[in-house]
Amino acid sequence: MARIPGKTRLRRVLVVLGSLVAVLALAIGGGVLWLWNDAKVSTVGTTEFRNELAVPPLARSTVRKDGTRVFDLRMQTGEKEFTAGRRTATWGFNGDYLGPTLRARLGEKVEVRVRNRLPEASTVHWHGMHLPARMDGGPHQMVDPGRDWTPRWTVDQPAATLWYHPHPHGATEKHVQRGLAGMFLVDDARSERLALPKRYGVDDLPVIVQDVKFDGAKFDHGHGMMRSIGFLGDRTMVNGTLDPYKVVRDERVRLRLLNASTARTYDFGFSDGREFALVGTDGGLLERPATTDRIQLSPGERAEVVVRMAPGERTVLRSHAQGNYGDAWQKRFAGGDDSFDVLQLRAADRLRPSPEVPSELGELELPKAADAVRSRHFDLRMSGINGRPMDMNRVDDTVTRGTTELWTVRNDNGMPHNFHVHDVQFRVVEVNGKTPPPALRGRKDTVFLPSGTELKLALRFDGGPEFADPDVPFMYHCHLLTHEDGGMMGQFVVVDKGQRATSGSVGGSTDHRHP
Ligand code: C2O
Ligand code: CU
Ligand code: CU
């Protein structure tokens, strides 16, 4: 038997090992490539627009002798056939999915009778509304199953597209995903007078955009691999309608865009690249319309746009892949490369003429950075803001009623976040040291921060004496709901000079429950 010299044997072993490593590397590389390709989602060009867009009904209300407008909101479980013949278990307000559009006027007193008929405790928060903390519906105003909660306040802000949704600490993502969300429109003399499309459901359309995923008839709310961003769906729906189209009979249509998704940011435009007029941001109308072909909205943000239609044509509201979403990895695995055909607009053969969009929309009420009496810094990390995860019993900041502050918000966290502040509409003063683009020049309550962004915001904490409350805090947080639920949230109280936040058991409100 010929002996194999040691050297040769070693060489053979090395060759075998080498090929094993190569095979392994190929397998891993192939796996990564597969994940990479699989992570990108698009419904562009493949959406069939088979369903007529549902328009949430205007909520009925009664007006009491003292002028208070009273609404009823019932949180309930239900079932909805998003696709014919397939029943999906859902939650909704006064119905199976989403909720009616509440509508009130500047100066009006409102009261909402909230009934929780869900099997779980929840809350209803009025996102974008300026109101006292104990009426805010944040995590300290939990409503137990079978119980009611009746907040009252006076509408004290200009016309705007606001919304409402649950805010139970640790479970907001789940509650919103199951269907709890709706719009709250504020009107004022100016918005009623301006020549903007304003017939609700006709030429003034609520457009509540959510991404979803189905597993048969059921919702699939899984976060998937490498999804520190939270849930990302593989298709979108508007007002709870899959593959929606809307027949338009007017030359100009106003779309009130609301990103009610839990993690996904959209970059809206039209399939043919047409321009539109941006007339409003989160907290109301701009000073003058801005002509653009894109508007980016992260979760919780709103925009009002007016688009012009020609007789007989069709166009699609589309969400494009985003240019400012972070590095290639983030873009791919956190949704930045995804694109969606969101809503088809079908113009009738004959259109009613609409007046031109006014070139001036009026004065803009925004705080001034020069008035700031104090500044604060907020460092956004998934693990917590300023290094501290949310604690229901800790007030992080105390602000004085009637003052303006300058807040610097920074995201270096390697993933996209956004920042939402309760109670106020703020001014974006600077974006990375520069003047903000038109889309960020209006009243804002939520703003997108891809990693590597630093924003300066001017906020004014106004309101009557009822706004000073050392016991009940407002929230600021990332509106990517899995981040918020995970502790990316902080609490501030608004007090009068000389008052201090109540320490210890914060809230003093009913039905405390920590999930
Ligand atoms: Cu829309 Cu604190 O939330
Ligand atoms: Cu809010
Ligand atoms: Cu976040």
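The C-alpha centres of domain 1 and domain 2 sit 22 Å apart. This is a predicted model, in which local features need pLDDT of at least 70 and side-chain atom pairs count only at pLDDT 80 or more, while totals for chains, interfaces and linings use all residues. Residues are numbered from 1 along each chain as its sequence is written, and side-chain values use heavy atoms, with hydrogens and water left out.

The bounds come from an automatic or database domain assignment:

| Domain | Residues |
|---|---|
| domain 1 | 54–193 |
| domain 2 | 369–513 |

In the contact (heavy atoms within 4.5 Å), 31 residues come from domain 1 and 34 residues from domain 2. Together the two domains bury about 2700 Å², with carbon and sulfur atoms giving 54% of that area; buried area is the accessible area (1.4 Å probe) that two parts lose on being put together, summed over both. On the domain 1 side, H130, H140 and H169 supply 25% of the area buried against domain 2, more than any other three residues.

Which side chains meet in a salt bridge? They are those of R134 and D469, at 2.9 Å, N to O. The rule (a side-chain nitrogen of Lys or Arg within 4 Å of a carboxyl oxygen of Asp or Glu) finds one salt bridge across this interface.

Finally, the side of domain 1 that touches domain 2 has 14 nonpolar, 12 polar and five charged residues. Here Ala, Val, Leu, Ile, Met, Phe, Trp, Tyr, Cys and Pro count as nonpolar, Asp, Glu, Lys and Arg as charged, and the others, Gly among them, as polar.

How values were computed
Chains lettered and ligands numbered in written order.
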